[in-house]
Amino acid sequence: MDAPPSHDDQLRGVAMALRHWFEVRDVEAEQRKLGILPVRSGDPKYDKGLRPLALTTLPPQLVRLKPDAPMVTLHYMQDVYDDGELRADPWRWWFAWIAIELIARSGPDPDGSRARRFVLEDPSLETVRRQASRWLAAAPPRIHAVQARLSELLDYALNEADSAGRTIQERVRSSVENLDLTVAQAMAAEAGRVSASISGRLAERARRG
């Protein structure tokens with residue numbers, strides 16, 4: 001007699017089913033369809049005057065729930081819509097899609113660490129990390145997240161016990177000079193919070209049976 005599926009396997013199964021209700025479109029493909037980018041190299045129909053419109057604050061893919069998605073999916077995405085700090089925008093839907101994919105493959109992500117590592121380290125997202133300023137520009141509250149991270153770094157730099165043998169100037173400079181990494185870390189932290197939230201909602205639903 002086969003053993004019943006584990007709790008993690010149950011959540012993976014729900015995440016696999018949830019994937020069906022996500023509609024994902026490539027931003028660059030949409031831009032080509034609209035004529036903002038050329039369909040192919042040297043395309044004579046391409047209006048170069050539209051090139052500035054190719055610079056957006058959007059993530060690489062546009063993600064949304066399909067119109068016929070069941071109501072229960074809205075429960076799973078409740079904190080994507082509004083977590084008290086940030087409301088739904090294209091980036092939060094993109095993070096939700098990443099979270100669902102990771103949960104479907106590897107199980108729940110209760111503390112969001114798997115999503116954080118994926119966004120911060122996966123080679124496929126190198127371009128996204130280099131352009132993390134798009135994430136930052138997409139919603140003003142994200143500036144506060146970066147400011148908070150910079151404040152933490154400065155507090156660390158000013159604590160001589162944490163970095164003995166260096167001047168205050170050296171400690172401060174080393175803490176803030178890699179602003180691109182700081183922004184990417186803040187972006188990954190948001191992705192982690194979204195993943196942890198979805199994992200928690202899935203677990204809550206599983207407990208209810």
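Predicted model: local features only at pLDDT ≥ 70, side-chain atom pairs only at ≥ 80, totals over all residues.

**Strands, then helices**

I started with strand 2, residues 61–65, where the side chains alternate. Gln61, Val63 and Leu65 point to one face and are buried.

Next I looked up the partner of strand 2. Strand 1, residues 22–26, pairs with strand 2 in the antiparallel sense, over 5 bridges. Which residue stands opposite glutamine 61? I found aspartate 26 there.

Then I turned to helix 11, residues 179–208, and its contact with helix 9, residues 141–158. Their axes come within 9 Å and cross at roughly 120°. Helix 9 and helix 11 are therefore oblique to each other. I noted the crossing as right-handed. On the helix 9 side I listed Arg142, Val146, Arg149, Leu150 and Leu153. They meet Leu179, Thr182, Val183, Gln185, Ala186 and Glu190 in helix 11. By class, this contact has 6 nonpolar, 2 polar and 3 charged residues.

Last, I checked helix 6, residues 113–121, against helix 11. The two pack at an angle of about 145°, with their axes 7 Å apart. Helix 6 passes helix 11 in a right-handed crossing. From helix 6, I listed Ala115, Arg116, Val119 and Leu120. Their partners in helix 11 include Ala184, Gln185, Met187, Gly192 and Ser195. I sorted the residues of this contact into 8 nonpolar, 3 polar and 1 charged.

How values were computed
Residues numbered from 1 in each chain as written. Heavy atoms only, no water. Axes fitted to C-alpha atoms, helices over the stretch in contact; angles between N-to-C directions. Helix = DSSP H or I, 4+ residues; strand = E, 2+ residues; numbered from the N terminus. Parallel < 35°, antiparallel > 145°, perpendicular 65-115°, else oblique. Left-handed = near helix turned anticlockwise from the far one by under 90°. Contact = heavy atoms within 4.5 Å. Nonpolar A, V, L, I, M, F, W, Y, C, P; charged D, E, K, R; others polar. Buried < 20%, exposed > 50% of the residue type's maximum accessible area, 1.4 Å probe, protein only. Pairing = 2+ DSSP bridges.
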